[in-house]
Amino acid sequence: MGIVNDTIREDVKRTVYEFFAEECEIDIEDIHEESTIIEDLGGDSLMFLALIEIFTKKYNQNIDLKTIGKFSVKNPVRTIGELVEMQLLIIEHGNQIIDLQIN
Amino acid sequence: METAFIFPAFVPEYLGNEPELLSNYTDIFPKRLLEAAEIIDSGLVDFDIETNNFASDELRSQLISYIFSCSLSDILIQQGQPPKLGAGYSMGLYAALYSSGSIAFESGLHIISQAYHQMKTAIGDGAYGMGSIIGLTHQEIKDLLPDHSLEIVNHNGRVSYLISGKKESLHHLLKDAQAEGALSATPLYVSLPYHHHMLKTAAESLERVLNEQYSIQTPNYPLVSCIDGRILEHKTDIIKEMVRNIDHPINWQHCFQQMLDMGHTHFIECGAGKTLYNICRFYPGNFKVYPLNRLHKLLLTKD
């Protein structure tokens with residue numbers, strides 16, 4: 001499990017925004033917290049998977065993909081802001097993310 | 001630059017401006033569409049890309065996809081970009097065969113139609129379909145399969161697969177996969193269990209038809225099998241591949257890796273949409289896939 005500070009928070013946000021800007025061929029200025037991943041950006045599950053792998057490598061995590069799948073069934077992600085928050089939770093809690101109670 | 005052509009199956013989602021993009025180079029697409037309408041189905045001329053009005057018509061979707069792919073292949077070859085290698089993803093095989101000179105444009109239309117009707121006959125009145133599971137391994141999906149009514153038929157990536165078979169079983173499997181921790185488990189809007197072994201009789205019928213009715217030539221550039229990665233260089237390989245493509249699972253990642261291993265690094269997605277770009281972009285390796293909307297970097301416009 002890791003500690004999420006402002007530097008990590010900023011890094012995750014920048015990585016997510018740059019990733020979608022490149023993959024969806026959209027100006028990074030046009031991506032906002034409220035942008036919906038599928039409807040607004042044309043994103044898909046493979047992009048979600050690729051992002052997970054990027055962060056897993058970057059933060060040297062050993063997380064079970066199925067844990068993230070189970071977590072996202074209970075806590076669906078629709079927007080970029082929600083995706084950033086979810087990645088931060090994964091970095092912070094690792095496989096224990098499944099035990100979190102999110103309101 | 002030596003390129004390889006990769007041909008998508010029928011396209012679930014269009015970019016929306018494919019005819020416009022193709023018209024930057026030549027007027028071949030509307031001509032091919034008219035030609036196909038005269039040969040196989042007059043209704044093809046009603047195709048509207050904005051509304052994707054053939055989305056629920058599998059046969060017409062396949063024909064339109066084939067026409068796009070053949071048109072783009074013609075443009076690329078006319079512009080001096082002949083491929084050194086090619087591969088067709090699933091039903092994209094027919095356009096790959098046209099592009100390589102193995103079958104005529106007209107033959108491709110007829111073979112697609114005959115294969116479709118033979119598959120329909122093979123399954124009878126049952127309800128069938130396909131689904132996509134992302135986030136589980138092959139073994140994890142295999143452990144969830146209830147019986148032989150479902151099969152893993154497309155290996156798109158380490159944790160990306162398509163499943164084919166009985167619709168009711170598929171519905172339960174997708175729910176189970178989601179509960180097991182799949183990142184995504186969704187049905188595809190098709191009514192045939194493509195690549196499932198239950199289509200064996202359709203494959204046998206197609207084999208007879210191919211041997212009796214069509215003139216199939218040796219391809220003028222090698223194709224890679226999306227079933228087992230073999231190189232298809234001879235007429236007999238081509239017929240065998242078309243037959244097996246009906247009732248055998250495919251492994252696109254293996255096929256793509258074969259092309260990388262052969263030294264190819266530039267791939268043109270020869271068709272509408274960007275399905276293959278989406279599938280391949282996260283494969284390991286140093287390569288580029290150009291879908292239609294990125295081809296302006298490679299081609300000359302007619303102006």
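Across the interface of chain B and chain A, 6 residue pairs are found in polar contact, both residues of each pair being at pLDDT 80 or more. On the side of chain B that touches chain A, the elements giving two or more residues are helix H7 (167-180) and helix H11 (275-280) of chain B. The model is a predicted one. The rule also finds 7 salt bridges across the interface of chain B and chain A. A salt bridge joins A:Lys66 to B:Glu140, with the closest N and O atoms 3.6 Å apart.

In this interface, 22 residues of chain B are in contact with 19 residues of chain A. The size of an interface is often given as the accessible area lost when the parts come together. Between chain B and chain A the buried area is about 1600 Å², and carbon and sulfur atoms give 57% of it. Of the area that chain B buries against chain A, 35% is supplied by B:Leu183, B:Arg281 and B:Phe282, more than by any other three residues.

The largest nonpolar core has 94 residues, and the members that touch the most others are B:Tyr66, B:Tyr94, B:Trp252, B:Phe256 and B:Met259. Helix H3 (residues 58-78) of chain B gives the largest share of this core, 10 residues. At least three residues of the core come from each of domain 1 (3-122 + 197-298) and domain 2 (128-188) of chain B. Leaving aside residues up to four places away in sequence, B:Tyr66 touches B:Tyr94, B:Ala95, B:Tyr98, B:Ile103, B:Ala104, B:Phe105, B:Gly108, B:Leu109 and B:Ile112. Another core, of 34 residues, lies apart from the largest one; among its members are A:Leu46, A:Val84, A:Leu88 and B:Val159.

Conventions. Residues numbered from 1 in each chain as written. Chains lettered and ligands numbered in written order. Predicted model: local features only at pLDDT ≥ 70, side-chain atom pairs only at ≥ 80, totals over all residues. Heavy atoms only, no water. Core = buried A, V, L, I, M, F, W, Y, C linked by side-chain atoms within 4.5 Å. Buried < 20%, exposed > 50% of the residue type's maximum accessible area, 1.4 Å probe, protein only. Helix = DSSP H or I, 4+ residues; strand = E, 2+ residues; numbered from the N terminus. Domains from an automatic or database assignment. Contact = heavy atoms within 4.5 Å. Buried area = accessible area lost by both parts, 1.4 Å probe. Salt bridge = Lys/Arg side-chain N within 4 Å of Asp/Glu carboxyl O. Polar contact = N/O pair within 3.5 Å; in protein donor to acceptor, adjacent residues only side chain to side chain.
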